[in-house]
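Hi,

Here is the structure I promised to pass on. Please open it alongside this note, and then read what turned up.

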Amino acid sequence: MSKLIPYVATLIAAPKTRLGKNNLNEIIEAMGVRQVEVSWLAENCVADLIFAPQDPKNASKALSALLKDTQIDFIFQPQKNRKKKLLIADMDSTMIVEECLDELAKFKGLKQEISCITASAMSGEMSFEAALKERIALLAGITQDEINALIERLTLMPGARALVTTMRFHGAYTALVSGGFAPFIESIAVRLGFDETRANRLLMKENSISGELAYPVLGRDEKRRALEEIRHARQIPQELTLAVGDGANDLDMLHSAGLGVAYHAKPIVAQSAHARIDHTDLTALLYAQGYRQEEFRH
């Protein structure tokens with residue numbers, strides 16, 4: 001009989017939700033597992049349940065069913081190789097709160113129109129390239145000064161700085177890979193301390209957005225390719241890679257990572273990623289790697 005593989009279920013409670021012994025006992029019973037080691041990563045907020053299930057898929061499904069109407073996120077994975085050596089992250093609605101093109105649209109009174117196109121692309125209803133081409137055409141005439149003003153007020157996603165800083169402190173390489181445009185991506189990369197960026201070029205004419213799309217376009221395939229190129233260049237095994245994103249153009253990247261996490265994502269993404277974070281912030285990705293709250297760097 002083959003030896004069972006140890007798994008870990010990391011439970012992360014939303015800020016106004018508490019995890020207690022009774023919660024954990026109910027969860028353990030629902031999964032139908034025995035000999036569970038409990039390790040608290042943050043008191044009454046985050047716990048690891050470590051065990052060797054007979055049927056990992058059934059244990060994960062039971063956990064998902066039990067927690068679906070709660071404010072508790074979970075990540076279920078093999079215990080081996082939890083700590084990752086490469087982070088590949090999307091930017092808009094992942095590392096920052098905003099969608100940059102939606103915010104630029106405010107300067108032309110087109111916020112609703114462009115937000116609808118963005119939503120269609122992120123949910124997979126429209127191809128990313130077609131959506132980007134249509135939006136950039138509508139944004140023709142936005143000035144460099146307006147771009148700079150938006151860059152200054154972009155909001156970091158809660159937990160973003162801790163995620164990047166902590167992983168880099170522990171030797172991981174970090175890359176911000178976005179289908180957005182370089183001026184925004186490069187600014188956020190500096191603010192968060194990313195090692196590398198990949199982004200689309202923004203074509204300007206007479207100090208304003210030209211309305212033309214620069215090719216090649218960094219889209220769904222290119223995001224996956226970026227992950228593969230970076231990990232091969234740095235000789236990092238696939239199982240030691242972590243990717244996070246929220247839109248349909250992130251799916252191939254998420255599927256190609258050792259752990260691909262859908263962060264407050266569109267349904268098509270949340271349903272098919274390795275894991276999903278719906279209620280908590282980006283520090284959930286540190287807890288998923290086994291970092292304790294007191295180990296976080298900011």
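**Cysteines**

This is a predicted model. A search of the whole structure finds 0 disulfides. A disulfide needs the two sulfur atoms within 2.5 Å. The surroundings of each are worth a look. C100 is buried, at 3% relative accessible area. C116 is partly exposed, at 47% relative accessibility.

**Two helix pairs**

Two packed helices are described by the angle between their axes and the distance between the axes. Here are two such pairs.

Start with helix α4 (residues 111-122) and helix α5 (residues 128-138). Their axes come within 9 Å and cross at roughly 170 degrees. An angle over 145 degrees counts as roughly antiparallel, so α4 is roughly antiparallel to α5. The crossing is left-handed. On the α4 side, the contact is made by E113, I114, I117, T118, A121 and M122. On the α5 side, it is made by F128, A131, E134, R135 and L138. By class, this α4 to α5 contact has 7 nonpolar, 1 polar and 3 charged residues.

The loop between α4 and α5 holds G124. G124 is partly exposed, at 46% relative accessibility. How far apart are G124 and N23 in sequence and in space? They are 101 residues apart in sequence and 36 Å apart in space, C-alpha to C-alpha.

Now take helix α1 (residues 21-31) and helix α2 (residues 56-67). They pack at an angle of about 135 degrees, and their axes are 8 Å apart. That makes α1 oblique to α2. The crossing of α1 past α2 is right-handed. E26, I27, A30 and M31 of α1 make the contact with A59, A62, L63, L66 and L67 of α2. By class, the contact of α1 with α2 has 8 nonpolar, no polar and 1 charged residues.

**Helix α8**

Which residues of helix α8 (residues 182-192) are buried? They are A182, F184, I185, S187, I188, A189 and L192. After α8 comes G193, with a positive phi near 85 degrees.

**Backbone details in loops**

- N81 is not a glycine, yet its phi is positive, at about 65 degrees. N81 lies in the loop between β4 (72-78) and β5 (86-89). It is partly exposed, at 29% relative accessibility.
- S93 is not a glycine either, and its phi is positive, at about 65 degrees. S93 sits in the loop between β5 and α3. Is S93 buried or exposed? S93 counts as buried, at 17% relative accessibility.
- The peptide bond from Y215 to P216 is cis, with omega near 0 degrees. P216 is in the loop between β9 (208-213) and α9 (220-233).

Over to you.

Technical notes:
Residues numbered from 1 in each chain as written. Predicted model: local features only at pLDDT ≥ 70, side-chain atom pairs only at ≥ 80, totals over all residues. Heavy atoms only, no water. Buried < 20%, exposed > 50% of the residue type's maximum accessible area, 1.4 Å probe, protein only. Axes fitted to C-alpha atoms, helices over the stretch in contact; angles between N-to-C directions. Helix = DSSP H or I, 4+ residues; strand = E, 2+ residues; numbered from the N terminus. Parallel < 35°, antiparallel > 145°, perpendicular 65-115°, else oblique. Left-handed = near helix turned anticlockwise from the far one by under 90°. Contact = heavy atoms within 4.5 Å. Nonpolar A, V, L, I, M, F, W, Y, C, P; charged D, E, K, R; others polar.
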